[in-house]
Amino acid sequence: MRPAPWVTVYRKLTRFAISLFLLLFSAQMVASTANAQAAKVLGARLGVYPDYTRFVIDLDRDVDFTYFLLPDPYRIIIDMPEIDWSAPPGKVTSGGGLISGLRYGLFKPGTFRVVLDVAEPSLVSKIFALPASGGKPNRLVVDLKPAKRQAFLDASRDSMAAYSARSRNDTSATEQSVDVGVKSGRGGEEKPLIAIDAGHGGVDPGAIGVGNVYEKDLTLAAARQLADTLTASGRYRVLLTRDKDVFLKLRQRVEIARKNGADLFISLHADSIANPKHRGGSVYTLSENASDKEAAALASKENKADVIAGIDLSDENSLVQSILIDLAQRETMNLSATLAANMVSQLSQSIELQRRTHRFAGFAVLKAPDIPSALFEMGYLSNATDTKLLQSPAHRKKIAEAVLRAIDIYFEKHKF
């Protein structure tokens with residue numbers, strides 16, 4: 001039986017209404033997804049004028065921002081929500097005018113940081129956002145003008161006070177704990193836990209080597225390979241202090257290992273020096289006194305990572321106390337030396353090492369009083385050969401397998 005005309009009309013209207021609803025719902029979902037995606041940086045540039053220097057970031061949409069100034073060294077710190085800066089910065093990183101350099105990256109979850117190094121005391125005369133118009137994208141514009149040191153210090157104090165006040169009033173600005181996962185090998189949770197620390201990250205690139213290679217990228221790749229190798233052995237559990245390109249304070253790295261009850265802490269780095277012919281790896285353990293001038297200079301440079309990236313005023317608390325080492329606890333230092341000796345022995349069978357391989361220095365990340373720790377400088381990014389090798393997955397696997405053998409020997413001798 002054919003349905004009555006009004007039934008046919010009703011069905012058509014119903015189908016139309018449902019189709020319209022689904023269309024509007026889909027459009028809303030697409031819009032929501034687009035809004036949820038991070039703003040994208042399209043490029044950056046400098047303009048040098050007689051009275052001021054202008055820094056511009058081109059973006060595909062408008063973003064919020066805050067800024068503050070830091071002295072010694074002079075820096076302008078600009079914080080934004082997480083953005084996607086995959087576009088090359090061009091010549092901006094080498095500086096121009098009042099700006100001597102640029103660094104940028106994820107400072108902590110939810111916060112992307114841009115650090116402008118300035119060659120002399122400089123004030124932000126203007127900082128503003130421009131909407132897209134006339135074929136030009138959204139822009140964040142920062143104008144800097146030279147100033148006296150005292151004027152910079154006064155502006156730094158005021159801007160930091162304002163930043164700190166905003167942080168206290170905005171829960172999203174407070175320091176978030178780093179979400180780290182523990183990878184388990186086969187068969188139970190009683191295996192030793194190895195903390196692997198990929199040096200640098202986020203706004204702190206570390207050494208920049210031949211071909212503009214960043215230390216932070218190579219250390220993360222090496223850390224992931226070492227984690228996979230240790231986990232695949234079935235003998236260890238592993239945690240990475242960072243598993244993405246994010247900045248971590250030095251004390252956070254140690255605190256992550258201690259909170260998770262790590263049995264060993266291994267920090268991975270790659271140095272850069274003026275001599276491009278110098279190459280080879282070396283292993284460091286903690287000492288008040290450096291074993292040589294090079295070790296002292298390296299430790300001093302690494303320990304400035306927090307300063308380079310800019311401070312976070314939202315949470316400066318007693319966690320700092322947790323990384324102060326009691327030098328009376330010689331047992332930990334002795335175990336660290338044993339671990340380092342094992343690493344030197346095994347690594348020497350697989351890769352090029354320096355002549356004085358086991359060195360001593362006051363690295364902040366080695367100051368956990370209760371976790372045997374070692375810092376491995378995998379090579380020199382100022383050397384073309386070392387840089388090429390550290391970019392090779394096969395070479396990083398050789399390193400990981402050598403470190404695994406060293407850890408096996410360590411736990412064979414020290415069954416706790």
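In which hand does helix 3 pass helix 9 in their crossing? In this predicted model, local features require pLDDT of at least 70 and side-chain atom pairs count only at pLDDT 80 or more, whereas totals for chains, interfaces and linings use all residues. Residues are numbered from 1 along each chain as its sequence is written, and side-chain values use heavy atoms, without hydrogens and water.

The crossing of helix 3 (215-233) with helix 9 (residues 393-413) is right-handed, the near helix being turned clockwise from the far one by less than a right angle. Helices (H or I, at least four residues) and strands (E, at least two) are DSSP runs numbered from the N terminus. The two axes, fitted to C-alpha atoms over the stretch in contact, with angles from 0 to 180 degrees between N-to-C directions, come within 9 Å and cross at roughly 50 degrees.

The largest pocket is lined by 21 residues, with Tyr104, Gly202, Tyr214, Lys216 and Asp245 nearest its centre. A pocket is an open set of points on a 1 Å grid over the protein atoms alone where a 1.4 Å probe fits, with protein on both sides within 12 Å along at least five of seven lines; lining residues have an atom within 4 Å of a point. Strand 6 provides the largest share of the lining, 6 residues. The lining comprises 10 nonpolar, 6 polar and 5 charged residues.

The Asp72 to Pro73 peptide bond is cis, with omega near 0 degrees.

Key:
Ala, Val, Leu, Ile, Met, Phe, Trp, Tyr, Cys and Pro count as nonpolar, Asp, Glu, Lys and Arg as charged, and the others, Gly among them, as polar.
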